[in-house]
Amino acid sequence: MEVKILSTKFDIENAHLIDVAKSHGAYQTLDKLFSMTPEDVINEVKDSGLRGRGGAGFPAGVKWSFLPKDLDKPTYLAVNSDESEPATFKDRYILVKDPHLMIEGIIICCYAIGCHDAYIYIRGEYTSQVKALQRAIDEAYEAGYLGETVDGKDFRLDVTVHRGAGAYVCGEETALLESIEGKKGQPRSKPPFPAVVGLYDCPTIINNVQTIASLPFIIQEGADPYKAHGTEKSCGTHLFGISGHVEKPGMYELPLGLPLMEVLEKVAGGVWKGRKLKGVIPGGSSTPVLTPEEAKTVNLDYESMAEHKTMFGSGGIVVLDETVDIVKLVENLIYFYHHESCGQCTPCREGLGWMLKIVKKLLAGEGSMADIDLLVELCDNIEMKTVCVLSAACTMPVRSYLNKFRHEFEAYVSDAAS
């Protein structure tokens, strides 16, 4: 089942070092890259069907084409390596095991969009990852792959690593830009969108680590070999982080479109300890949960997830066995998002705290049926009423737990409270 495009060097010792990486093909795409026009590169990426791997799934080449033409301002690239979504750990593998793959992808993207200054925004907690990344960047400068003349060509590119301070909200693209600019990490109202008014009020492309790391294969091999994996609308491979109650948790690179249950059983070894499946979180904590019945009919692609009223997200799959207390899980989930709210918008700042109080009240045996109904009402009144989608990242999964496991919430309602 596994297909190695992004993970070809993950099992090679010291592949994070440039000499080892080069001996296994790193930077070999550059001669072909500079023989192409920027427009050719953008079209190749469009043809490949590569979609953003940060969670939204927007076509990468189409995003690049949104940049305004003939604007008398510099263009920037910001690589989103914040990766703060709970249950998501795909990008850190690239940063530590094959950072030169991402650097090569940055060169490809910057050449295509006419960018000479790229920023990698990395979450503050990634201490070992940032050391590996910075070392790789220093090696790339020394080898002539970054700097005034990239690979000896008349193309300048400088790459700067910007460390965050541990705020989940800075994974939102405009909050990320605010943070790079030295401001408080709060999302901006859109429009204007970053492709038009982004970093330092200049056109900016923001792509996820995995998106950028997919580019060398596409340029070297072409769009068709990339499209040979996956489905018609969800092309290529994805790094799936499978965790929770499975026998073989870990990181697996798989083609998109595979049946979820087949992957859980054949790749991840099935639910651990012989227990029954209770639910599956398909794409990180912000995605609505799937019941065992739904999990049997969903595939690992954007369209199938949408048909089941959930999202592909970041590909962070969490398996829940029969011992999981859904109400306690929801308490933990709401606590996280309430804690990570930047506080800019009242529905998020106040509403998530209100939801947390209600769940704690239920767990204490002091809640009522009316409190459960109020949780649903709060989800409806908070979601999409804010500048960014952080509040929705909380309310969408909470609503799914309330709809699919309401009996567990009702079991905490005491006779006296009712």
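**Exercises on cores and helices in a predicted model**

**Exercise 1.** Leaving aside its neighbours within four places in sequence, which residues is L157 in contact with, and to which nonpolar core does L157 belong?

*Solution.* Begin with L157 itself: in this predicted model, and with neighbours within four places in sequence set aside, L157 is in contact with I106, I107, C110, C115, H116, D117, A118, Y141, L146, G147 and V150. Next, turn to the core, where L157 is listed with Y27, W64, L77, M102, I106 and I107 as the residues with the most contacts inside the largest nonpolar core, which has 64 residues. Then ask where this core draws its members from: its largest share, 11 residues, comes from α6. Finally, another core, of 47 residues, lies apart from it and includes V289, Y337, V359 and I372.

**Exercise 2.** Find which residues of helix α3 (residues 38-48) are buried, and explain how they are arranged around the helix axis.

*Solution.* First, list the buried residues of α3, which are V41, I42, V45 and S48. Second, look down the axis of α3, where these buried residues fall within an arc of 125°, so they line one face of the helix. As background, an α-helix has 3.6 residues a turn, so residues three or four places apart point the same way. Third, see what covers the buried residues of α3, including α2, α4, α6, α10 and α11.

**Exercise 3.** Describe how α17 and α18 pack.

*Solution.* Start with the geometry: the two helices, α17 (residues 369-382) and α18 (residues 390-404), pack at an angle of about 145°, with their axes 9 Å apart, and α17 passes α18 in a left-handed crossing. Then classify the residues in their contact, which has seven nonpolar, two polar and two charged residues.

Definitions and conventions:
Residues are numbered from 1 along each chain as its sequence is written. This is a predicted model: local features need pLDDT of at least 70, side-chain atom pairs count only at pLDDT 80 or more; totals for chains, interfaces and linings use all residues. Side-chain values use heavy atoms; hydrogens and water are left out. Axes are lines fitted to C-alpha atoms, for helices over the stretch in contact, and angles run from 0 to 180 degrees between N-to-C directions. Helices (H or I, at least four residues) and strands (E, at least two) are DSSP runs, numbered from the N terminus. A crossing is left-handed if the near helix is turned anticlockwise from the far one by less than a right angle, and right-handed if clockwise. Ala, Val, Leu, Ile, Met, Phe, Trp, Tyr, Cys and Pro count as nonpolar, Asp, Glu, Lys and Arg as charged, and the others, Gly among them, as polar. Buried means under 20% relative accessible area, exposed over 50%, partly exposed in between (1.4 Å probe, protein chains only). The arc is that of the directions from the helix axis to the C-beta atoms. Contact means heavy atoms within 4.5 Å. A nonpolar core is a set of buried Ala, Val, Leu, Ile, Met, Phe, Trp, Tyr and Cys residues joined through side-chain atoms within 4.5 Å.
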